[in-house]
Amino acid sequence: METSVDKTLLAFLLALYRLDDELTMAEVVDLQNNVGTLLELRPDKEKAIIEEVNTILEKNPGLNQLYQEAMTKVASLEEGQLYQWLPPKNLLQQQLGIREIDRGYLPQGKPNQRTSEVVNLSRMVMTRDRPDKSVKKIEGLEEYWELPQAPIF
């Protein structure tokens with residue numbers, strides 16, 4: 001079963017949110033330089049984004065375990081449900097301490113604001129100084145952990 005970039009990124013954010021240990025500086029740099037840069041410069045490269053997330057997960061078993069658990073919660077969500085607890089852009093900026101909005105992803109073709117919501121949230125987190133600490137400031141992510149697990153085949 002192929003997983004969408006939105007579900008992959010949301011599960012990754014949830015895993016970072018629940019991670020008790022801090023990421024090492026090498027992991028932070030990998031996250032910023034690989035996932036963060038891709039999200040900022042080439043958000044349309046979904047396969048590459050998923051591959052970079054998987055590479056980071058392979059290097060951190062604890063984060064990978066949390067990611068797998070988070071994925072069981074978001075895998076069965078429909079598109080509308082996927083975004084229901086994400087904070088609005090202005091509140092997210094406030095929670096992350098962003099004073100001025102950065103360059104957002106403007107998709108080509110038919111605009112679908114919902115599609116890029118998780119990508120934008122992820123980009124804002126992954127490009128921060130400490131993504132693992134920044135994600136913990138986002139209110140609403142805990143709600144996803146309350147969802148029942150769904151089997152992944």
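Salt bridges and their setting

Guide: A search of the whole structure finds six salt bridges, a salt bridge being a side-chain nitrogen of Lys or Arg within 4 Å of a carboxyl oxygen of Asp or Glu. Side chains of opposite charge can pair when their charged atoms come close. The model is a predicted one, in which local features need pLDDT of at least 70 and side-chain atom pairs count only at pLDDT 80 or more, while totals for chains, interfaces and linings use all residues. Residues are numbered from 1 along each chain as its sequence is written, and side-chain values use heavy atoms, with hydrogens and water left out.

One of these bridges joins Arg18 to Glu142, with the closest N and O atoms 2.9 Å apart. Its partners belong to distant parts of the chain: Arg18 is in helix α1 (residues 5-18) and Glu142 in helix α9 (residues 141-145), 124 residues apart. Helices here are DSSP runs (H or I, at least four residues), as strands are (E, at least two), and both are numbered from the N terminus. Arg18 counts as partly exposed because its relative accessibility is 30%, and Glu142 counts as partly exposed at 28%. On this scale, buried means under 20% relative accessible area, exposed means over 50%, and partly exposed lies in between (1.4 Å probe, protein chains only).

Another bridge brings together the side chains of Arg130 and Glu22, at 3.7 Å from N to O. Arg130 lies in the loop between α7 (113-126) and α8 (131-134), and Glu22 in the loop between α1 and α2 (25-41), so this pair ties together parts that are 108 residues apart in sequence. Arg130 is buried, because its relative accessible area is 17%. Arg130 also forms a salt bridge with Asp132, where the closest N and O atoms are 2.9 Å apart. Both residues of that pair, Arg130 and Asp132, are buried. Through shared partners, salt bridges join Glu22, Arg130, Asp132 and Lys133 into one network.

The wider chain gives these pairs their setting. Its secondary structure comes to nine helices and zero strands. Buried residues make up 46% of the 153 residues in the chain. Contact means heavy atoms within 4.5 Å; among contacts between residues at least 6 apart in sequence, 81% join residues at least 24 apart.

Not counting residues up to four places away in sequence, Leu92 touches Pro87, Leu121, Met124 and Ile138. The C-alpha atoms of Leu92 and Ile138 are separated by 6.7 Å, although the two residues are 46 residues apart along the chain. Pro88, by comparison, is placed in the loop between α5 (79-82) and α6 (89-96), and Pro88 is partly exposed, with a relative accessible area of 47%. From Pro88 to Leu121 the distance is 9.7 Å, C-alpha to C-alpha, and the two are 33 residues apart in sequence.
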